[in-house]
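Q: I'm new to this one. Can you walk me through what is in it?

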Number of protein chains: 2
Amino acid sequence: MRKVFQAELHQVGDELIQIATLVRAAVEKAATAYENADVELAEDVIAADARIDFLQTELDERAIDILARQGPVASDLRMIVGALRMSTSLERMGDLARHVAQLARMRYPHPVAPPSLVGTFEEMARLDADIAGAVVELLDTRDLSHATRIQQLKGRINELHRSVFDAVGDAAWAESPARTADVVLASRYFERFGDHGVSVSRKVTYLVTGEWDADALEGRVGADDA
Amino acid sequence: MRKVFQAELHQVGDELIQIATLVRAAVEKAATAYENADVELAEDVIAADARIDFLQTELDERAIDILARQGPVASDLRMIVGALRMSTSLERMGDLARHVAQLARMRYPHPVAPPSLVGTFEEMARLDADIAGAVVELLDTRDLSHATRIQQLKGRINELHRSVFDAVGDAAWAESPARTADVVLASRYFERFGDHGVSVSRKVTYLVTGEWDADALEGRVGADDA
């Protein structure tokens, strides 16, 4: 009985990794679609998001079923509740990658970002992809150095996010209002994506150490408060 | 024992109502601060958000404690898991009200929205406050007519959200890029606030009827997909 239970817990962990791997692919493709005005790749990301949503629903149902049948306690219970919460964050990360792809599709054949911000968005996108990769590693290995790395990457995203607003507010900004709206939203999507990555990393840290840090207790992180 | 358990479940329900009531007050005050460039009211909202975050953490700990001690099944289990998820949505609604207040504070003594959009934002803010009020009623009474109403209110918010982007993209738009960025973000905050209200309403509907609608299964609602 206990062996079956452990196998079930393990499967939930594997499914989280599977979803995180799809999220990583989504943000990598969305970033390329965004940078290169690649409408086919954007369509791929948009279509693939349904799979992430489906897997999240499936994982949540399995987790609730385990709660009902096994009545887990202590660290097993924490793990199941943690999985329910992490799946929500991962699903939102998939949505945000989809939003970036939708921006690319909407502006096709033009790129979303003006030349002056191409470098900034390339870096933000790369950082988000790195965060998604570190989330996969963290879920797989429970090695908390990945959690530290995720928070460092997010620190840099916050700087870039602020720099987008500085650029938009600068006297030299000469883009159309529609483009201004696009870059503000895109920057917010990339920033929120990273925020959810930090959120997952804090939940894993909690599962491993049994301790929240204060920011996580307050339910918020990073630039979202700015 | 069963009586104690029912009292505990009841307390979780009461705490959700308490948090939702604070969220309603937050969005009402944030809307007034936003419309009237009232920096003191904005400060109130920003300070009060910590209380919402604290209550969410407390509720979540209580819910997990009930899972551990009581091992609930069937509808009791659904209710506890639902409470964990609804508390996350309510906490995000509090954050979004805070973001609106932060915009008001940042632009003080000037109003955030230009005269041409004052009416639009007033209506969005009123709709969000109505949604928050309906969420309180729905949690309190389980009367699903409130859920229907929330979805209707959100439909109108989606229209207004789109109209903000239409205004920004219109040839007549002559506001500064910084103001363009502000109104795009503010519109997104008001729209997401409503989205989370819909999310809570779907979870209550699920608890009452045992059935998800398809959109809820897909984990997304409304204009967020646009």
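A: Let's start with a term. Buried means under 20% relative accessible area, exposed means over 50%, and partly exposed is in between. By that rule Arg62(B), with a relative accessible area of 26%, is partly exposed. Keep in mind that this is a predicted model.

Q: Which residue does the side chain of Arg62(B) meet in a salt bridge?
A: Glu15(B). The N to O distance is 2.8 Å. Arg62(B) lies in helix α2 (residues 39-70) of chain B and Glu15(B) in helix α1 of chain B, so the pair ties together parts that are 47 residues apart in sequence.

Q: And is Glu15(B) buried or exposed?
A: Buried, because its relative accessibility is 10%, and the cut-off for buried is under 20%. Glu15(B) sits in helix α1, residues 2-36 of chain B. Setting aside residues up to four places away in sequence, Glu15(B) touches Leu59(B) and Arg62(B).

Q: How many salt bridges are there over all chains?
A: The count comes to 38. One of them joins Asp76(A) and Arg2(A), at 3.3 Å from N to O. That pair links distant parts of the chain: Asp76(A) is in helix α3 of chain A, Arg2(A) is in helix α1 of chain A, and they are 74 residues apart. Asp76(A) counts as buried, at 13% relative accessibility.

Q: What about Glu43(B)?
A: The side chain of Glu43(B) forms a salt bridge with Arg105(B), at 3.1 Å from N to O. Here helix α2 of chain B supplies Glu43(B) and helix α3 of chain B supplies Arg105(B), 62 residues apart. Glu43(B) is partly exposed at 36% relative accessibility, and Arg105(B) is partly exposed at 33%.

Q: Which residues do salt bridges with shared partners join into one network?
A: Lys154(A), Arg188(A), Glu191(A), Arg192(A) and Asp195(A).

Q: Let's switch to the interface. How many residues does each chain give to the contact?
A: Chain A gives 41 residues and chain B gives 39. The area buried between them is about 3200 Å². Carbon and sulfur atoms give 56% of that area.

Q: How many salt bridges cross it?
A: Two, by the rule used. Arg85(A) forms a salt bridge with Asp60(B), with the closest N and O atoms 2.6 Å apart. On the side of chain A that touches chain B, α2, α3, α5 and α6 of chain A each give two or more residues.

Q: What does Phe121(B) contact?
A: Beyond its neighbours within four places in sequence, its contacts include Tyr34(B), Val164(B), Val183(B) and Phe190(B).

Q: Where is Ala125(B) found?
A: In helix α4, residues 115-141 of chain B. Ala125(B) is buried, with a relative accessible area of 2%. Ala125(B) touches Phe190(B), among others. Their C-alpha atoms are 6.8 Å apart, though the two are 65 residues apart along the chain.

Q: What does UniProt say about chain A?
A: An unreviewed entry carries the annotation "domain: PhoU" for residues 17-103 and 122-203 of chain A. In the model, residues 17-103 are 94% helix and 0% strand. Residues 122-203 are 88% helix and 0% strand.

Definitions and conventions:
Residues numbered from 1 in each chain as written. Chains lettered and ligands numbered in written order. Predicted model: local features only at pLDDT ≥ 70, side-chain atom pairs only at ≥ 80, totals over all residues. Heavy atoms only, no water. Contact = heavy atoms within 4.5 Å. UniProt positions renumbered as here; feature names shortened; annotations may be inferred. Helix = DSSP H or I, 4+ residues; strand = E, 2+ residues; numbered from the N terminus. Buried area = accessible area lost by both parts, 1.4 Å probe. Salt bridge = Lys/Arg side-chain N within 4 Å of Asp/Glu carboxyl O. Buried < 20%, exposed > 50% of the residue type's maximum accessible area, 1.4 Å probe, protein only.
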